[in-house]
Amino acid sequence: MIYLQLYLEFVKVGLFCVGGGYASMPLIQAAVVDGNHWLTLSEFVDIFTISQMTPGPIGINAATFAGMKVAGTAGAILATFGFVTPSLILCIIVAKLFFKYGDIGIIRGILNGLRPAVIALICSAGLGFVILSLWNTDTLPKNLTASLDPIGVIMLIATFIAVRMKVSVIKLLAGSGVCGLILGLAMKAMQG
């Protein structure tokens with residue numbers, strides 16, 4: 001039963017994730033964290049992070065890792081196939097229509113309308129990740145400064161600066177992991 005449920009949930013995600021992998025994150029979160037409670041938000045963010053570091057499309061990687069966490073290897077395979085099934089079918093249909101009818105104004109209008117919605121989905125997922133990174137919670141706490149994670153603040157600012165300076169993703173992720181480890185050990189040593 002869990003295998004069919006995983007497949008169908010990721011078919012839904014794949015069907016509605018217009019705009020690429022980042023736009024799929026809130027849909028995957030809604031399926032595996034909010035809807036079915038297969039993962040906690042923290043586990044989901046960890047999966048998202050791992051998906052960033054592994055080769056391949058981020059949405060497919062996230063589906064694979066989520067499926068693995070929920071139901072092992074078979075779950076990973078079914079979640080991945082579920083995620084790509086709608087894209088495969090829709091791409092074939094859209095490609096046939098696009099090449100047959102060319103650049104139709106209606107299709108252009110639909111794409112222009114979808115862009116802001118995709119950006120909103122990406123921003124929504126990003127905001128949730130920022131809250132989790134800075135406060136280690138799913139929702140904003142009442143006292144924003146008292147529960148703020150200093151390591152999260154330092155890492156977010158440093159990483160943002162590094163991204164703006166065009167540091168490579170590999171160096172950024174490796175450096176962030178090492179810095180997070182060092183800062184975490186330093187904080188633990190100061191507390192104990």
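**Reading the calls in a predicted model**

Colleague: How does α3 pass α4 in this model?
Modeller: The model is predicted. In it, α3 passes α4 in a right-handed crossing.

Colleague: Which residues in α3 and α4 meet?
Modeller: From α3 come E43, I47, F48, I50, S51 and Q52. They meet I58, N61, A62, F65, A66 and K69 in α4. The residues of this contact divide into seven nonpolar, three polar and two charged.

Colleague: Why is Q29 called buried?
Modeller: Its relative accessible area is 16%. Buried means under 20%, so Q29 qualifies. Q29 lies in helix α2 (residues 21–35). Leaving out residues up to four places away in sequence, Q29 touches D34, L41 and F44.

Colleague: How do you know that N136 is exposed?
Modeller: N136 has a relative accessible area of 55%. Exposed means over 50%, so N136 counts. N136 sits in the loop between α5 (105–135) and α6 (150–164). Its phi is near 55 degrees, a positive value in a residue other than glycine.

Colleague: What makes K166 count as exposed?
Modeller: K166 has 73% relative accessibility. The cut-off is over 50%, so K166 is exposed. K166 is in the loop between α6 and α7 (169–191). Phi of K166 is near 65 degrees, a positive value in a residue other than glycine.

Terms used:
Residues numbered from 1 in each chain as written. Predicted model: local features only at pLDDT ≥ 70, side-chain atom pairs only at ≥ 80, totals over all residues. Heavy atoms only, no water. Helix = DSSP H or I, 4+ residues; strand = E, 2+ residues; numbered from the N terminus. Buried < 20%, exposed > 50% of the residue type's maximum accessible area, 1.4 Å probe, protein only. Contact = heavy atoms within 4.5 Å. Left-handed = near helix turned anticlockwise from the far one by under 90°. Nonpolar A, V, L, I, M, F, W, Y, C, P; charged D, E, K, R; others polar.
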